[in-house]
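User: Could you walk me through this model and tell me what stands behind each label?
Analyst: Happy to; here it is.

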Amino acid sequence: MTIDFQIILITLLTTLYFILPAYFANGGALVFGGGTPIDFGKSDSNGVRWVGDGVTWRGMIVGTIIGMITGAVQGYIAPMILPYIGSSLAPVVTSVSNGLLIGFLLGFGALLGDALGSFLKRRLGIGRGEPAPILDQLDFIIVALILVSPVIELNWIFIVFALLLTLFIHLITNTCAYLLGLKDVWY
């Protein structure tokens, strides 16, 4: 069996390109978030916050809009790049309307996944900012892919590539932020 590295490279690049709305939404929520937390500061019967202060309504709304804008831009430039994609195993955005829908589903899904990850961490007794390996890195992309799956067919190769890329990118960006003094921890 021979491995076609050109197909692997194209699939990696198109996978990254397709999931950009989730990444940009997640980053946008962090940059532009703040304000009222989505759990409105409520706690369960044990006094544990439902989600915490890190996931806010402003971040959820602005991040989702950023995801939609990213998808729309991808849809706008689609006619220019589709001829060059060739035999990618990743799905593609094909038009502005398609991009808006995919951008919404990936963007909102990423933020919903982040909120669900925070909810799970609180239930497991893990405090805000404390590590939860794998959950911290993949919660947003898993829910984003689940939300987009009814409108885009996702094959297992694309899903594996998306998860591996996300793990790798998360590690690299957090380590760089730590080295630059922007984060207190490397994870």
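User: How many cavities of 30 Å³ or more does a search of the whole structure find?

Analyst: One. This is a predicted model, so local features need pLDDT of at least 70 and side-chain atom pairs count only at pLDDT 80 or more, while totals for chains, interfaces and linings use all residues. Residues are numbered from 1 along each chain as its sequence is written, and side-chain values use heavy atoms, leaving out hydrogens and water.

User: What makes a space a cavity, and what makes it a pocket?

Analyst: Both are sets of points on a 1 Å grid over the protein atoms alone: in a cavity a 1.4 Å probe fits but cannot get out, whereas a pocket is an open set with protein on both sides within 12 Å along at least five of seven lines. Lining residues have an atom within 4 Å of a point. Grid points are joined across faces, edges and corners, and the volume is the space filled by probe spheres set on them. The largest cavity has a volume of about 30 Å³, and the largest pocket holds about 1300 Å³.

User: Which residues line the largest cavity?

Analyst: Its lining is Y17, Q74, A78, I81, L82, I85, P91, V92 and V93. Helix 3 gives the largest share, five residues. A78 also marks a kink of about 65° in helix 3, shortly before the proline P79; that bend is the angle between axes fitted to the seven residues ending there and the seven starting there.

User: What makes a set of residues a nonpolar core?

Analyst: Its members are buried (under 20% relative accessible area, 1.4 Å probe, protein chains only); they are Ala, Val, Leu, Ile, Met, Phe, Trp, Tyr or Cys, joined through side-chain atoms within 4.5 Å. The largest has 21 residues, of which F18, I19, I141, V148 and F158 touch the most other members. Helix 5 gives the most to this core, with six residues.

Notes
Helix = DSSP H or I, 4+ residues; strand = E, 2+ residues; numbered from the N terminus. Buried < 20%, exposed > 50% of the residue type's maximum accessible area, 1.4 Å probe, protein only.
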